[in-house]
Amino acid sequence: MAANDGSLTGQSPPAAAPDFDRAVREAIDSKTKPVGALGRLEDLAAQLARVQQTLAPRAARCKLTVFAGDHGIATAGVSAYPPEVTRQMLLNFLAGGAAANVMARALGVDFTVVDAGVMGPAVEHPRLDSRRIAPGTLNFLEQPAMPVEQCESALRAGREIGSGGDHEVACFGEMGIGNTSSASLVAAKILGLPLDGLVGLGTGLDAAGLARKQRVLETAAARTPAELDPSAALREYGGFESVMLAGAVLGAAHAGKLVLVDGFIATVSALAAARLSPEVMGNLVFAHRSAETGHSVVLEALGASPLLDLGIRLGEGAGALLAWPLVRAAAAMLRDMASFESAGVSGRT
């Protein structure tokens, strides 16, 4: 949703959205190029202009926030990796050694990691943002993943994180063993779809592991009605990291930021956020199409066409980071590229 006070641009928003949209289109079409020659980069520039409510949008700073949390369902053998990997990866993020760290450094993106609810004692580290709800969720095979109060706390913490900072663009990533299982069920319940098309290999299960994962999740799904509202779906099957990520999407969008949405798990969190507050869709850019099975299903349900398709299925916000240069280029095109008139170039006859 567009910022309504011009806080990112120092300019007042136009009085009427249709007039502003027309002005954006005219500004893009007047650049020294054939109409539509920059393809989807033009659409991206127009979206950024609407979010910031200016014909001279800025994309100078981007921040990646990775939320980490454990899942009780991981003990049911739904992942190729043991639950302790979540904590180990949290420490890897703090040491700067994960793919997300490397990509963020290469692209000049600020990086923060959040402990949303990792198993074991609290990690103490000066670069860690600790928002621990509990040391992991409950096993949703047997009961709701979290009580109402914990779900609300995670959403509130996410909103606070997402709304903070002076960066114009936000990326959100996640880490949590078992979270593709969680995301599959949250998506199935929000969309009222069967699990078949939403359950994938996750961290790299073999055929037997995938069949076991499918059976476990079908049993867990049978606990609740076929369709749930987003709050109930998050409470019954979500993870602290994915619920916090949904809150962060809401917070960032309401603060007038553009949000680069990562892969399957982040897109399911964005789905929940959009169902809670539909106007945030205008702030969301779907960065890439994950190789995880359910991602295309959720993208289609959202009517979203991602910018990139690189076969990535890592999480951590890695795919979102790779779309950041496209956003910078789109902003620069609309803000700095000469028009036919200013450059003295003859237009189309």
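Predicted model: local features only at pLDDT ≥ 70, side-chain atom pairs only at ≥ 80, totals over all residues.
A residue is taken as buried when its relative accessible area is under 20%. No disulfide is assigned in the model, the count being zero. For C62, the nearest cysteine sulfur is that of C171, at 3.6 Å, and C62 takes part in no disulfide.

Helix packing was examined for helix 4 (residues 99-107) and helix 12 (residues 318-336), whose axes come within 10 Å and cross at roughly 10 degrees. Because angles under 35 degrees count as roughly parallel, helix 4 is described as roughly parallel to helix 12. On the helix 4 side, the contact is formed by A100, M103, A104 and L107; helix 12 contributes A318, L321, L322, W324 and P325. Classified by residue type, this contact between helix 4 and helix 12 comprises nine nonpolar residues, with no polar and no charged residues.

Helix 10 spans residues 264-276 and has 13 residues. The distance from its first C-alpha to its last is 18 Å, close to the 18 Å expected at 1.5 Å a residue. Helix 10 is mostly covered, with eleven of its 13 residues buried. The buried residues of helix 10 are F264, I265, A266, T267, V268, S269, A270, L271, A272, A273 and A274.

Terms used: Residues numbered from 1 in each chain as written. Heavy atoms only, no water. Axes fitted to C-alpha atoms, helices over the stretch in contact; angles between N-to-C directions. Helix = DSSP H or I, 4+ residues; strand = E, 2+ residues; numbered from the N terminus. Parallel < 35°, antiparallel > 145°, perpendicular 65-115°, else oblique. Contact = heavy atoms within 4.5 Å. Nonpolar A, V, L, I, M, F, W, Y, C, P; charged D, E, K, R; others polar. Expected span 1.5 Å × (residues − 1). Buried < 20%, exposed > 50% of the residue type's maximum accessible area, 1.4 Å probe, protein only. Disulfide = S-S within 2.5 Å.
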